[in-house]
Each structure stands twice: as C-alpha cells, then as structure tokens.
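Have the viewer ready and follow along with me.

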Amino acid sequence: MTKVLVLSDSHGLTNRIDEIANRHEVDKKIHCGDSELVNNSPHLVDFIVVRGNCDWDQTFSEEEIVEINGLRIFVTHGHLFGVKSSLLQLQYRAQEVEADIVLFGHSHVAYCDQHEDQLFINPGSIRRPRMWNTPTYCIISWENHETIHVHFYDVKGSVIEEFPFKTSFRL
C-alpha cells in the first residue's frame, strides 16, 4: 500500500511538523505551502514543498508535479488560483497537467472531493484551522490506481470521523 502524508499552513510551527512526520510511516511527505521556513530547514527534510503566499524563500517552487506509484499528483498552495473563492482555476490547471490528485492549502479549510476524474484535497491547517476548528493533516493511500483512501487526522494523530467527506474514491 502506498501512503502519502499531506500537510499545509504550518506557519512556523516546527514542533508539530516534526511530531507528525515522525508519527507515520509513509512513502512520501508533502507540504502544501506556508511553512514560513527556508528550503533547507531540517524540519522539511524528505518533504516535497511548494511556496505559499507567506513563504519568503524564493527557492520553493510554486507548483510540483509528482508521479507516485502510478498516480500523477499536482501540488500547489492555491493562492495563485483563487481557491478561497472557487476551485475552477485550480481545476483548469489540474486538467492541463493531467493530474489524478490535486493537493492544495491556503484556505486553512480541510476539504476532499472528486471533480470528474480528479481528486481535490486540502489537508487543512496544522496551526490555524478554519471552519472545522480542529488542526488537521491527512494521509492518502492506495493499493491500485483506482481506489484512493483519504483519512484526516488531528495533530495528536487521531482519525477524524466527523468530517462530512467520503474516505474512498474511484478515479
């Protein structure tokens, strides 16, 4: 089973990044921006990281496209696509890059939904959550290229059951 840890909007909270990264055994770790850390920070070791609107280190990329075990994953912070208003611009870009999974942050609102053949996931914020009032991150897992599982966690590592999101998707 392939597992990918996804977090976002940590805003300088290094101890939580370390705790979360060390808690789970995963194949990849992704940070969707607003870490407010530098690119060579020891807290971001082994993470694929994109630049958010609060990240001043210009060496972070605005976007990353990663192939992981048969799935194409598009990672961006979301501020350049107006995700606080609509996912339409992000959806257009995701279609351009032929992404299976789209990971983004910026809104601090945990979110997971399928639009056509693409899965859109915002892990929320591990520092300043909005709407759900629980700091969150998520783990995406799959065994084959068709069924993808998404589980949201609180910062103590407990699975969050009360979110109104599906946990399994077929692409």
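**Aromatic rings**

I started with two tyrosines: Tyr-137 and Tyr-153 are both buried (buried means under 20% relative accessible area, exposed over 50%, partly exposed in between, with a 1.4 Å probe and protein chains only). I am working on a predicted model, where local features need pLDDT of at least 70 and side-chain atom pairs count only at pLDDT 80 or more, while totals for chains, interfaces and linings use all residues. Residues are numbered from 1 along each chain as its sequence is written, and side-chain values use heavy atoms, with hydrogens and water left out.

Next I looked up ring pairs, where rings of Phe, Tyr and Trp (its six-membered ring) pair if their centres lie within 6.5 Å; planes under 30 degrees apart count as stacked, over 60 as edge-to-face and the rest as tilted. By this rule I get 5 aromatic pairs. One of them joins Phe-74 and Phe-81 edge-to-face, with 6.3 Å centre to centre and 80° between the planes. Phe-74 is buried at 0% relative accessibility, and Phe-81 is buried at 11%.

Why is the pair of Tyr-137 and Tyr-153 stacked? Their ring centres are 5.4 Å apart and their planes are at 10°, so the pair is stacked. Tyr-137 lies in strand β9 and Tyr-153 in strand β10 (residues 147–154), so this pair ties together parts that are 16 residues apart in sequence. For the strands and helices I rely on DSSP runs (helices H or I, at least four residues; strands E, at least two), numbered from the N terminus. I also noted one aromatic cluster of Trp-132, Phe-152 and Phe-163.

**Salt bridges**

I then searched for salt bridges (a side-chain nitrogen of Lys or Arg within 4 Å of a carboxyl oxygen of Asp or Glu). The structure holds 4 of them. In one, Glu-63 meets Arg-93, with the closest N and O atoms 2.8 Å apart. This pair links distant parts of the chain, as Glu-63 is in strand β4 (residues 63–68) and Arg-93 is in helix α2 (residues 88–96), 30 residues apart. Both partners are partly exposed, Glu-63 at 25% and Arg-93 at 23%.

Arg-93 also bridges to Glu-96, with the closest N and O atoms 3.0 Å apart. These two lie in helix α2, 3 residues apart, about one turn of the helix. Glu-96 is exposed at 58%. I wrote down Glu-63, Arg-93 and Glu-96 as a network of salt bridges. Elsewhere, Glu-67 and Arg-72 meet in a salt bridge at 2.7 Å, N to O, and Arg-72 is partly exposed at 25%.

**Backbone angles**

Most residues other than glycine have a negative phi, and most peptide bonds are trans. With that in mind, I checked His-11, which has a positive phi of about 45° although it is not a glycine. His-11 lies in the loop between β1 (2–7) and α1 and is buried at 6% relative accessibility. Glu-36 has a positive phi too, near 60°. I found Glu-36 in the loop between β2 (28–31) and β3 (47–49), partly exposed at 40%.

**Two distances**

I took two C-alpha distances to finish. Asn-15 and Ser-158 are 143 residues apart in sequence and 17 Å apart in space; Asn-15 sits in helix α1 (residues 14–23). Phe-165 and His-77 are 88 residues apart along the chain, and their C-alpha atoms are separated by 21 Å. Phe-165 lies in the loop between β10 and β11 (168–170), buried at 17%.
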